[in-house]
Amino acid sequence: MTERLYYEDAYLWEFRGTVTACRPGKKQGEWLIALDRSAFYPTSGGQPYDTGTLTANGAEARVTDVEADTAGEVWHTADREIPAGTEVAGKIDGERRTDHMEQHGGEHMLAGAIWEKLGGTTIGLHLGQEDSSIDVTLPEGRTKLTEEEIALLEDTVNRRIRQDAPIRCWFPAPEELEKLPLRKAPTVTEHVRVVAMGDFEMVACGGTHPSSTGRIGLVKIVSVIPAKGKARVSFVCGGRACRLFSRYMRSADKAGAALSCPVDKLSRAATELKTRLSDAEKKVNRFETREILERIAEAETREDLKGVTLAAVTLPEMNPRAVAEAVSEYIAGKGRLLLLSSGERLTFARSADVPADMGVLIRRVGRGGGRPDMASGAGIPECVGVARKILMTEGLQ
Ligand SMILES: [Zn+2]
């Protein structure tokens, strides 16, 4: 069984060990290496593996994955064979591990606060590339949190982070373990390792943690969504939270400059702008609708179609909403048949009292379909003339 050096010191980036086994990995050129002692963290409890290097006799092997088997042996996936018995110098990517410890430590603080303030129990940490998430079972089966609850959790956690309380990890004797006020029962029965963060959070955990709450930096909840009867809380911590804040600030500053308002008035300015835009769009729409109706009126002819007024109109490409409104308004009158093109979009429509099938007619001249009283499709403007000719030759059906 590999001696896990990160249990004692989670900031140990460099160490020495001896290869106890080396065998080919699943992929060509990949080797699985076991050491007598290692500071590399193997994927477990939602925290991803460490990466880094193993150097032996001047040759460096890159470690691209780390896993522990059921016997407790830690296997390092490397791109070079290192025979058993060789002494190696291990080096861990400290930046990657620090990031993982910030997210993992923040998760503990958040889960502790969710339990204490809302009576929610937490399962399954997922530490992702962008943000991390936990699934929370809340009392009464709730699957969402209010804005006030989110603010309470963030405020509680970040105040505790600023207190910079020590984080302690140890293996208590069974009689001590029994008496400890753990947030939830351990999932293992032997070699239970406990993490205590100040007096805010105490739970069984085999992961790596910062040495004090202050080193978590900052916790920010980014979303809470319902997921399979639970509330899925997504969050970022430490460096990720700082980078997210910078990104949001830059974006908010640009939006503020564009709308000529301070950042904290952005929401109101955006709502006002949206309302004004919607009003303006309605006005423009109405104007265009009227213009189309005028063009239809100019094109109206009373040809030998049993008293039906026929309007065949070709328009340049116009706002489809204005076209639709003008068409509806026009055929609301009696005895009207309209053949209209706007760009390459065709609309054939008729009043309810006109006996003709527009769907059939549009399919004879272009592509499309629809109801007997209104059909639309695609076709060149000349399709309107062809449809008119069909009606004049064959009459209404
Ligand atoms: Zn932990």
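Helix 1 lies across strand 9, strand 10, strand 14 and strand 15 (230–237), and runs at about 165° to strand 9. Contact here requires C-beta atoms, placed from the backbone, within 7 Å of each other. Angles run from 0 to 180 degrees between N-to-C directions, and axes are lines fitted to C-alpha atoms, for helices over the stretch in contact. Helix 4 (residues 238–259) also packs on the sheet, where it touches strand 14 and strand 15, and its direction makes about 85° with that of strand 15. The structure is a predicted model, in which local features need pLDDT of at least 70 and side-chain atom pairs count only at pLDDT 80 or more, while totals for chains, interfaces and linings use all residues. Residues are numbered from 1 along each chain as its sequence is written.

Helix 1 comprises 25 residues (94–118) and reaches 35 Å from its first C-alpha to its last, close to the expected 36 Å; the expected span is 1.5 Å times one less than the number of residues. Helices (H or I, at least four residues) and strands (E, at least two) are DSSP runs numbered from the N terminus.

The sheet is open and has four strands in the order 9-10-15-14, with antiparallel pairing; two strands pair if DSSP finds at least two bridges between them. Strand 9 (121–127) and strand 14 (219–227) are at the edges with a single partner strand each, so one side of each is left without a neighbour in the sheet. From one strand to the next, the twist averages 25°. Strand 9 and strand 10 (residues 132–137) run antiparallel and are joined by five bridges. Thr121 has Thr137 in strand 10 as its bridge partner.

The protein chain is divided into domain 1 (3–92), domain 2 (98–255) and domain 3 (282–394), with bounds from an automatic or database domain assignment. Between domain 2 and domain 3, the C-alpha centres lie 63 Å apart.

In the protein chain there are eight helices and 21 strands. The radius of gyration of the protein chain is 35 Å, well over the 21 Å that the globule rule gives for 397 residues, so the chain is more spread out than a compact globule. This radius is taken over C-alpha atoms, and the rule is 2.2 Å times the number of residues to the power 0.38. The C-alpha trace spans about 100 × 50 × 40 Å along its principal axes. Among contacts between residues at least 6 apart in sequence, 59% join residues at least 24 apart.

Conventions
Two residues are in contact if their C-beta atoms, placed from the backbone, lie within 7 Å.
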